[in-house]
Amino acid sequence: MSSAPLQEHVAVVTGASSGIGLEVADALAMAGAAVVVNYHADADAAEELVKRIRERNGRAMAVGADVSDEEAVVRLFDEATTAFGRIDVLVANSGLQKDAAIAEMTLADWNTVIDVNLTGQFLCAREAVRRFRAQPHEGRPARSKGCIITMSSVHEVIPWAGHINYAASKGGSRMLTRSLAQEVAADGIRVNAIAPGAIRTSINKDAWETPEELEKLLRLIPYGRIGEPNDVARAAVWLASDDADYVTGTTLFVDGGMTLYPEFRDNG
């Protein structure tokens with residue numbers, strides 16, 4: 001991979017003001033892309049990232065938008081196109097958790113997670129496909145007409161009691177990714193997912209912030225360490241680049257082996 005594999009690309013990263021999304025947006029910028037840093041609530045963090053990218057002579061802008069809102073998603077892509085002329089990469093990263101046992105889970109918490117994690121990916125992917133198809137071939141920086149990366153989770157395949165809204169959203173994301181890839185491959189559009197395992201972010205801080213909790217977590221990770229946001233970011237750069245041009249319709253698990261079901265290492 002070259003030092004700037006995404007030179008002249010324009011990337012939209014949703015949920016990019018914290019955690020994995022922030023690291024992905026920063027890595028895409030380091031790889032040469034102009035980056036649209038989407039945020040929902042934390043404008044200051046998004047603007048700080050934009051500032052850091054620009055200080056490195058990169059191109060970036062922050063756009064606030066709720067990905068579960070159809071009109072807001074269209075506006076996000078309009079502002080991206082106005083600023084940078086085209087869109088080549090979408091990383092549909094926005095996601096959240098509202099955990100509860102089934103008997104205590106409210107309909108509002110179910111709907112909120114599905115709306116952001118799954119419907120948000122649908123709305124952003126639909127808009128990206130529309131833009132990719134409309135853009136002229138001339139000046140295209142990649143072999144593909146466009147690249148979509150959805151942010152899934154190991155819980156697209158691992159059941160997760162007490163988190164059924166989240167697990168359902170990620171299971172849905174898996175089939176959204178595969179079905180969309182099948183539909184648009186003939187257009188020259190690639191669609192893949194990244195499924196992180198346990199990554200050191202604020203969303204799962206309770207699982208790693210104390211030595212005792214970290215020890216429990218590491219029993220689920222055969223590779224023996226918790227993941228870092230940059231582990232996911234490097235995977236996103238590769239999937240967005242021409243080095244992955246023949247890759248579509250797949251999920252890249254970045255999980256230290258969590259989906260290998262380590263409980264069965266000793267014959268169950």
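## Packing of H3 and H4

In this predicted model, helix H3 (residues 70-84) and helix H4 (residues 107-134) have axes that come within 10 Å and cross at roughly 40°. Helices are DSSP runs of H or I with at least four residues and strands are E runs of at least two, numbered from the N terminus. Axes are lines fitted to C-alpha atoms, for helices over the stretch in contact, and angles run from 0 to 180 degrees between N-to-C directions. H3 and H4 are therefore oblique to each other; angles under 35 degrees count as roughly parallel, over 145 as roughly antiparallel, 65 to 115 as roughly perpendicular and the rest as oblique. Their crossing is right-handed, meaning that the near helix is turned clockwise from the far one by less than a right angle.

From H3, the contact involves Glu-70, Val-73, Val-74, Phe-77, Asp-78 and Thr-81, and from H4, Leu-123, Cys-124, Arg-126, Glu-127, Ala-128 and Arg-131. Contact means heavy atoms within 4.5 Å.

## Packing of H1 and H7

The axes of H1 and H7 lie 8 Å apart, at an angle of about 50°. H1 and H7 are therefore oblique to each other, and H1 passes H7 in a right-handed crossing. Gly-19, Ile-20, Glu-23, Val-24, Ala-27 and Leu-28 of H1 meet residues of H7 including Pro-229, Val-232, Ala-236 and Ala-240.

## Ala-25

Ala-25 is located in helix H1 and is buried, with a relative accessible area of 0%. Buried means under 20% relative accessible area, exposed over 50%, and partly exposed in between (1.4 Å probe, protein chains only). Not counting residues up to four places away in sequence, Ala-25 touches Val-13, Ala-16, Val-35, Val-37, Leu-49 and Ile-53.

## Nonpolar cores

The largest nonpolar core has 38 residues, of which Val-24, Leu-28 and Ile-194 touch the most other members. Such a core is a set of buried Ala, Val, Leu, Ile, Met, Phe, Trp, Tyr and Cys residues joined through side-chain atoms within 4.5 Å. Among the elements that give two or more residues to this core are helix H1 (19-30), strand S5 (146-151) and helix H7 (229-240). A second, separate core of 30 residues includes Leu-76, Ala-92, Cys-124 and Ile-148.

## Basis of the values

Residues are numbered from 1 along each chain as its sequence is written, and side-chain values use heavy atoms, with hydrogens and water left out. Because this is a predicted model, local features need pLDDT of at least 70 and side-chain atom pairs count only at pLDDT 80 or more, while totals for chains, interfaces and linings use all residues.
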